[in-house]
Each structure stands twice: as structure tokens, then as C-alpha cells.
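Work through the exercises below with the sequence and the structure side by side. Try each task before reading its solution.

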Amino acid sequence: NELMASNTNTIADVNGNYEDWIEIYNESSQTIDIAWLFFSDDPENLTKHQIPYGYDETKIAPGDFKILWADGIGTESPLNLSFKLSSNGESVTIYHQETDKIIDSITFDAQATDISYGRYQDGEDNWFIFSEPTPGESNIYNEPSEVIEGLYINEFLASNDNNIADELGNYSDWIEIYNSNDFEVDIAQFFITDNLSNFFKYQI
């Protein structure tokens with residue numbers, strides 16, 4: 001229902017570690033135990049990690065959510081997975097081996113740090129980027145009230161030896177943004193990138 005492939009301060013696991021996470025949503029009217037199911041980030045290896053049996057933590061009540069921690073170890077709790085998510089993009093699959101059925105899967109592109117990717121509404125097929133993640137809760141999508149126009153990359157310097165220094169005195173490469181509007185624009189939470197295959201490389 002929601003995932004985060006680069007978690008630095010959004011939510012910590014029971015040990016206080018900020019691991020990648022996957023949120024599972026039970027839209028049914030019955031409690032579902034995800035024990036014995038396989039989770040994988042490799043389409044060629046659907047049985048990469050199996051949820052262990054015999055733990056209350058693996059049961060999801062009707063309409064409730066469960067967070068799985070993709071820490072790459074998978075032994076800290078029944079909800080920890082033996083693989084990590086790639087912020088460069090990959091896929092995640094839930095697989096039932098006995099029936100040879102893929103229960104659900106999602107392929108995602110490059111992800112920004114502490115920005116989640118999830119369904120809206122819960123359990124629906126529409127996927128959105130969430131600047132306000134909601135692990136363990138219903139996803140909330142706040143549609144922008146307006147599209148900001150009139151901002152331009154006006155000038156840049158890709159090799160700055162002694163042209164202009166930043167506030168720390170370093171001669172860093174720089175990009176100048178020009179606001180052609182007659183009103184102030186706050187570029188906080190905007191993304192900027194030098195890679196057109198990863199629009200979410202850096203967030204202001």
C-alpha cells in the first residue's frame with residue numbers, strides 16, 4: 001500500500017533503526033496472517049524471504065496496516081526482511097508458493113529520501129508520491145492547489161574555481177533560478193536533478 005526506499009528520519013523500527021519499509025494493507029473483512037508468504041525485490045527469485053509462522057505480529061486485522069522493515073538482514077523480528085529496497089528503483093512482490101500465485105507486486109522508479117510512494121486511496125490502483133508519508137495509517141494525498149509557473153534555470157556555472165563563494169566560503173558549482181512572476185515563490189520541497197531518469201534526486 002505504501003513504501004519508502006530511503007528512510008533517514010521518517011519512522012524507526014523497534015530497535016530505533018531507520019530502515020526501508022513496506023506497508024501492507026488488509027482491505028478484507030477478515031484478519032489475515034501473512035505468515036508463510038514470500039516477499040522479494042527480485043522478479044527472478046520470488047522466494048527470497050518468507051514470513052515466519054507462529055507470531056501475532058504477522059496478523060493484520062480487517063482494514064488495518066502492517067509495516068515490514070526491509071533491513072537486509074531479516075532476523076530482528078518476524079516483520080524484518082532479508083533484503084533492502086533500492087532508491088534507484090526496483091520491484092516488490094508478494095508471492096504464495098503453494099498456489100504459485102503472485103498476490104501483489106509493484107515496480108517503482110527512483111525514490112527520494114524520506115518521501116514515500118503509495119496507493120491512493122488505500123488498496124486502489126493509483127500510485128502517488130507522498131511528501132507526508134503515513135506508515136501504518138491511511139494514505140493522504142494533498143493535491144497541489146496550483147501549478148507554479150514562471151520559474152526558470154537562468155544561469156549556471158559547472159566549474160567554479162574563484163567566481164563566487166557560498167556562505168561557507170566554498171567555490172561550489174551553482175545554478176541560478178529566476179522568478180519571472182510578480183509575486184514571491186517559495187521553492188521549498190521542490191526537487192532538482194541532473195539526471196532525467198531520477199526527477200527526485202534532491203529536494204529543497
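**Exercise 1.** In what order do the 6 strands of the open sheet stand?

*Solution.* The model is predicted. Read across the sheet: the order is S8-S7-S2-S1-S11-S12. The pairing is mixed. Now look at the edges. Strand S8 (80–81) and strand S12 (127–130) stand there, each with a single partner strand, so one side of each has no neighbour in the sheet.

**Exercise 2.** Determine how S11 and S12 run, and find the bridge partner of Ser116.

*Solution.* Strand S11 covers residues 116–119 and is joined to S12 by 4 bridges. The two strands run antiparallel. Ser116 has Phe130 of S12 as its bridge partner.

**Exercise 3.** Describe the largest nonpolar core and the contacts of Leu81.

*Solution.* This core has 21 residues. Those touching the most other members are Ile22, Ile24, Phe39, Leu68, Leu81 and Leu85. Next, assign elements: S2 (20–25), S7 (65–70), S9 (90–96) and S10 (101–108) each give two or more residues to the core. Then take Leu81. Leaving out residues up to four places away in sequence, Leu81 touches, among others, Ile22, Phe39 and Leu68. Its contacts also include His49, Trp69 and Asp71.

Methods. Residues are numbered from 1 along each chain as its sequence is written. This is a predicted model: local features need pLDDT of at least 70, side-chain atom pairs count only at pLDDT 80 or more; totals for chains, interfaces and linings use all residues. Side-chain values use heavy atoms; hydrogens and water are left out. A nonpolar core is a set of buried Ala, Val, Leu, Ile, Met, Phe, Trp, Tyr and Cys residues joined through side-chain atoms within 4.5 Å. Buried means under 20% relative accessible area, exposed over 50%, partly exposed in between (1.4 Å probe, protein chains only). Contact means heavy atoms within 4.5 Å. Two strands pair if DSSP finds at least two bridges between them.
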